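Reader: Could you walk me through this model a piece at a time? I'd like to start with the charged side chains and then move to other topics.

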Amino acid sequence: MGAGKSALGPQIARRLGRRFLEVDRALERTFGRAIPEIFADEGEERFRAEETEHAIAALRDGEPAVIELGGGAVESAAIREELGRRAFTVHLDVEPDAAWERVRDGDRPLAGDEQEFHALYERRRPLYVEASDAAARDADDVVLVAAGVRLAPGLLELLATLVARSAPAALVTDPHVAGIHGAAAQLALGDILESTHEVPAGEEAKTPAVAERLWRELRVPREGVLVALGGGCVSDVTGFVAATYLRGVPWVAVPTTLVSQVDAAIGGKTGIDLPAGKNLVGAFHWPLRTVIDPAVLETLPERERREGLAEVVKTGLLAGEALWELPQMELVRRCAAFKAAVCLRDPYDRGERHILNLGHTFAHALEAAASYEGVTHGTAVALGLRAALRLSGRPTDVVDELLSPKPVRVDPERAWAALHRDKKRGLVLLGDDGPRWDVHVPDEDVRRALDELIAD
């Protein structure tokens, strides 16, 4: 009690696109009285029996929901068993002194004496740990763990634990990342590491030829796991190979760049490129875990950090917050949580998830026109955001000042052909009430915006 469940529960439900159910409120409706009155009139034993019945009924309801259980629900073995069978359970952790300050002046039946309150906390704490799949301190944390994302400094060293499997693992990385973090990852995986595979750096990794080579080299069984160590291109090709090898094996993303930690490694989109465009072959294959260790960004060159900053600006524009002003670790956490929530609400990109393409229709066109050489993804996204802001009637200051992208030299007709193919379902623009997707804009306006991104 006092952890903040009632305040955070509705927020989490909205962010996950699920209904919110409070077991205590359901009990009050059943008895027609408030919880303190139920305790006083019926006794704790009767209350706990009804709580168990209501909680199990809620957990067995097939409709996805965010369910808030009272602080004492974990003392029921039947509830703990049902949680293990049917739910992903998050322990909203709180220091006992902070919880006491929140409840001391209320009417909660078991919060009348501070010493007894602390004793109750200590008695229940092992049960919270036993019953939960993860711990969290706020809504962003809950969203991240619900999406399978673990984020903290030093997680690279705990990789074998986070893979959570004793079956063989195959590590996929590129030569650059292998030289910096490869040994640490191999050491962390230890005895479960079956093989290591290198793919080219950058977009050259995302080709049918590289995917075929990995299919031929892999020896892990279906219960094995692929581990993608690197940036977005490594996770894209590894995830795609995992989705298709043996008709699908689990995979773990370990992003090592800013762009992959805030965007590319989250949400289960995987794919490879074709000459006609980016990501034209792929699959939705959500990673078993996404392991984000912000400490690995310390080795990131400034140029690559700026590449990732374009995705941070995109996320901030979509969220309506200046996320780019936050310290690095909090920036990564907030951006990752924003994307994770959108992807959990729309896992197969059939609606709202389209907003994550803000600026990317233009970006992909510029990259395709450059044959994925000479125009970096970050530069292309920055230019695409500038075009999207202009078409939205918004100032471009944040892009101009933070990212400062310069027009690129590509074939305008080739870029237009690629863009026209990509914009069939419309553009993503910013409206007064937030981002809008599938917005149809006259071709002449889109072509003018594209031409402004291309150097003479």
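Author: Arg137 counts as exposed, at 54% relative accessibility, where exposed means over 50% relative accessible area, buried under 20% and partly exposed in between (1.4 Å probe, protein chains only). Please keep in mind that this is a predicted model, in which local features need pLDDT of at least 70 and side-chain atom pairs count only at pLDDT 80 or more, while totals for chains, interfaces and linings use all residues. Residues are numbered from 1 along each chain as its sequence is written, and side-chain values use heavy atoms, with hydrogens and water left out.

Reader: OK, and what does Arg137 form a salt bridge with?

Author: Its partner is Asp141, with the closest N and O atoms 3.5 Å apart; a salt bridge here is a side-chain nitrogen of Lys or Arg within 4 Å of a carboxyl oxygen of Asp or Glu. Asp141 is buried, with a relative accessible area of 14%.

Reader: How many salt bridges does the structure hold?

Author: There are 43 salt bridges in the structure. One of them joins Arg80 and Glu130, whose closest N and O atoms are 3.4 Å apart. That pair links distant parts of the chain, since Arg80 is in helix 5 (residues 77-86) and Glu130 in helix 7 (residues 114-131), 50 residues apart; helices (H or I, at least four residues) and strands (E, at least two) are DSSP runs, numbered from the N terminus.

Reader: Is Glu130 buried or exposed?

Author: Glu130 is exposed, with a relative accessible area of 54%.

Reader: Then what about Glu307, where is it found?

Author: Glu307 belongs to helix 14 (residues 302-319), and it is buried yet has no salt bridge, the nearest side chain of opposite charge, Arg303, being 5.7 Å away. For that charge assignment, Lys and Arg count as positive and Asp and Glu as negative, whereas His and the chain ends are not counted. Leaving aside residues up to four places away in sequence, Glu307 touches Thr376, His377, Gly378 and Thr379, contact meaning heavy atoms within 4.5 Å.

Reader: Switching to strands: in what order do the six strands of the open sheet come?

Author: The order is 5-12-9-8-6-7, and the pairing is parallel, with two strands taken to pair if DSSP finds at least two bridges between them. The edge strands, strand 5 (149-151) and strand 7 (193-198), each pair on one side only.

Reader: And over how many bridges do strand 8 and strand 9 pair?

Author: Strand 8 (residues 225-230) and strand 9 (residues 251-255) pair over five bridges in the parallel sense, and Gly230 stands opposite Pro255 in strand 9.
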